[in-house]
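Work through the exercises below with the model open. Each task is followed by its solution.

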Amino acid sequence: MNFLPLWRYQNQLIDGAIVTLELTVISALAGLVIGIAGAVALKGRITPLRWLVRGYIELFRNTPSLIQIFIVFFVLPSFGLKLPAFEAACVALSLYFGAYSVEIIRAGLDSIPRSQIEAGQCLGLSGWQVFRHIILPPALRNAYPAVTSQFVLLLLGTSLASQVATDELFHVAGFIESRTYRSFEVYAVICAVYFAMAMSFKALFAIISLAAFRWPRRR
Amino acid sequence: MALVEIRDVHKTFGKVEVLKGVSLDVEEGEIVTIIGRSGSGKSTLLRCINALESVDTGEIRVEGQKVHAKMPDLKKFRQRVGIVFQAFNLFPHLKVERNITLAPLLTGRIDKAKARALAEDVLTRVGLADKIDAWPEQLSGGQQQRVAIARCLAMAPHLMLFDEVTSALDPELVGEVLKVMEAMAKQGMTMILVTHEMGFARNVANRIVFMHQGRVWEQGPPAKLFANPETPELASFIASAK
């Protein structure tokens, strides 16, 4: 076992980790927007839209995300949509994360009792105001644990983007391995980096939760 | 013209006809208490008055305006008609102050600078000025219900509806809520209450409405109704409520 040959690749490793973080955070934010919009559509009255969202969820939750990335990167160009590897991976991973988020956030919205909505309506608030101020904050709190664990899965799943030559951590590892033939050492190191990133996010989410959800839980 | 005019209202849930032709007038400043057994349609009637339920046939007018779920200015209408629920329905994620000021701010009734003063004012009226910065979960049931009343008062409603507001409270907490309602009654607020509190019905209300099987079975001033019920149904209800 010899980790020394890896030392000269530290800049590549750091760059790879940054790309992994970028992929994760961008896809998570975009996916969250998709999740909220999709959940609202699922609870809405427009039937074709509900079918569309339902179809989207089933499609993305029941197919390999690797193939989703391939389709965005290799297949969409023949329909005139040509994206660079990083952007293609972002789009595919956003849609993947979004599909899970819709269901998680819908469950969160469903957890808000009807009486809360009525109380808001009875004060003369509009549908949007009731949603934004009365339903959404407690719904997000209820959905938060599931969203954050999905986020960690997304972080680990970004390694799939290596297959379309995105310069993220796993792709960099393959490159270093081909130069040094130190398979065990390389993968041990990036495994540790993934682990450290995941644990750091968990700590960050715990802090965010303390700051954002300050109201006491129902007894 | 009465403040609330209810004309031959029918309402069906599935196959159950809950309201079978209810007519009722409530004058401005009047305190009307609706009593009756569970399932007699009293809560449904109350919910129809602010369009939480829509009526099948017949009509309800408040301040001359016809009430239904699709009325064009439903939001404005609901700002004038407050309702307090059995389960308080405070917003758990907002402190007491924000619970009260949310709707006045969002509907443009007041601006930010006056919000806290408004909250202090209405909380003083329900005797909870010191709880302005508390979370709802930190309050007792009776205190939560008083905050819910204060939240309605902040909208300066013309009419207040109370749907069994003391039914979910421990017996020792009922009094503080009734006291607040009594004070509001004295200040001339028009109030329609559904309640099981016969003492309150007897002492504070101008009129008792006894509902039975989806109809207004009997109504009149409390002294007369409690002393000389005309129908055997009311007589047996009064006997069982004691």
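**Exercise 1. How many residues of chain A are in contact with chain B, and which elements give two or more of them?**

Step 1. The contact spans 19 residues of chain A and 21 residues of chain B; residues are in contact if their C-beta atoms, placed from the backbone, lie within 7 Å. The model is predicted: local features need pLDDT of at least 70, side-chain atom pairs count only at pLDDT 80 or more, and totals for chains, interfaces and linings use all residues. Residues are numbered from 1 along each chain as its sequence is written, while chains are lettered from A and ligands numbered from 1 in the order in which they are written.

Step 2. On the chain A side, helix 5 (114-122) and helix 6 (127-157) give two or more residues. Helices (H or I, at least four residues) and strands (E, at least two) are DSSP runs, numbered from the N terminus.

Step 3. Helix 5 of chain A gives the most, six residues.

**Exercise 2. What is the strand order of the open six-stranded sheet in chain B, and which strands are at its edges?**

Step 1. The order is 6-7-8-3-9-10, with mixed pairing. Strands pair if DSSP finds at least two bridges between them.

Step 2. Strand 6 (81-84) and strand 10 (215-220) of chain B are the edges, each pairing on one side only.

Step 3. Inside, strand 3 (residues 31-35) and strand 8 (residues 190-194) of chain B pair in the parallel sense over four bridges. There, Ile34(B) stands opposite Val194(B) of strand 8.
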